Amino acid sequence: MLLEVEDDFFNLIAIYSSLEGFKMAYFLNKYLDLKLQRERRDIDFNHGEIEAAYALYAHKDPSCPVIFHLVANKFKGEPKRILSSGSLFAEEEVRPQEVYLVPEYNKVDYFLKVSEEMQQKDFSRLLTKVSQIPQIQAAYAVDTENLKSKQNLIFE
């Protein structure tokens, strides 16, 4: 029996920035008047040979139905490898590989997910505020209807 997954509607902003996750959360909190906090659990994702953990921050205000999530799109990790006992010196060099939560947007550093439908003018205002943060190189809205990896952004 297949269970139907509820098609969650959300708005999504792609963010380009070289900041680390906690600094990105700090600046979004500062400029957007949010209270993004690191979740106890990251988004764990298996990319074949690499087990990735994407940092997740959330703003949940009981007086407001809108929930904001900030999630990293990139993870750099080493592939799993099987140790062989054949040779003392034949260990190969393993380089960290970068994997993505949303592979079709592999240049994006972070996504800001807005979990409730917003009026278009409110979302545009939010996007403008995000774009004006000096530490952010670029930000734009992502069309979630045509997003191939949409299920990777459903956190609950």
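**Strands and aromatic rings in a predicted model**

The mean pLDDT of the chain is 84, and 84% of the residues reach at least 70. Among the elements, helix H1, residues 21-32, has the highest mean, 96, whereas strand S3, residues 43-47, has the lowest, 78. At residues 1-5 the pLDDT stays under 50, and there the model has zero contacts beyond four places in sequence.

I now return to Lys113 and its strand. Which residue is the bridge partner of Lys113? The partner is His69. Lys113 belongs to S9, residues 110-114, and this strand pairs with S6 in the antiparallel sense over five bridges. On S6, His69 also stands opposite Ala58. Strand S5, residues 56-60, runs antiparallel to S6, and five bridges join the two. S5 and S6 form a hairpin, with six residues between them. S6 itself covers residues 67-72, and five of its six residues are buried.

The next topic is the aromatic rings. How many aromatic pairs does the structure hold? There are six aromatic pairs. One of them joins Tyr16 and Tyr140; it is tilted, with 5.8 Å from centre to centre and 35° between the planes. Tyr16 is in strand S1, residues 11-16, and Tyr140 is in strand S10, residues 138-141, so this pair links parts of the chain that are 124 residues apart. Tyr16 has a relative accessible area of 22% and is partly exposed. Tyr140, at 28%, is likewise partly exposed.

Why is the pair of Tyr54 and Phe75 called edge-to-face? The ring centres are 6.2 Å apart and the planes meet at 65°; because that angle is over 60 degrees, the pair counts as edge-to-face. Tyr54 lies in strand S4, residues 50-54, and Phe75 in strand S7, residues 74-77, so the pair ties together parts that are 21 residues apart in sequence.

Finally, ring pairs link Tyr16, Tyr105, Phe111 and Tyr140 into a cluster. Thank you for your attention.

Definitions and conventions: Residues are numbered from 1 along each chain as its sequence is written. This is a predicted model: local features need pLDDT of at least 70, side-chain atom pairs count only at pLDDT 80 or more; totals for chains, interfaces and linings use all residues. Side-chain values use heavy atoms; hydrogens and water are left out. pLDDT is the predictor's confidence in each residue, from 0 to 100. Helices (H or I, at least four residues) and strands (E, at least two) are DSSP runs, numbered from the N terminus. Contact means heavy atoms within 4.5 Å. Buried means under 20% relative accessible area, exposed over 50%, partly exposed in between (1.4 Å probe, protein chains only). Two strands pair if DSSP finds at least two bridges between them. Rings of Phe, Tyr and Trp (its six-membered ring) pair if their centres lie within 6.5 Å; planes under 30 degrees apart count as stacked, over 60 as edge-to-face and the rest as tilted.
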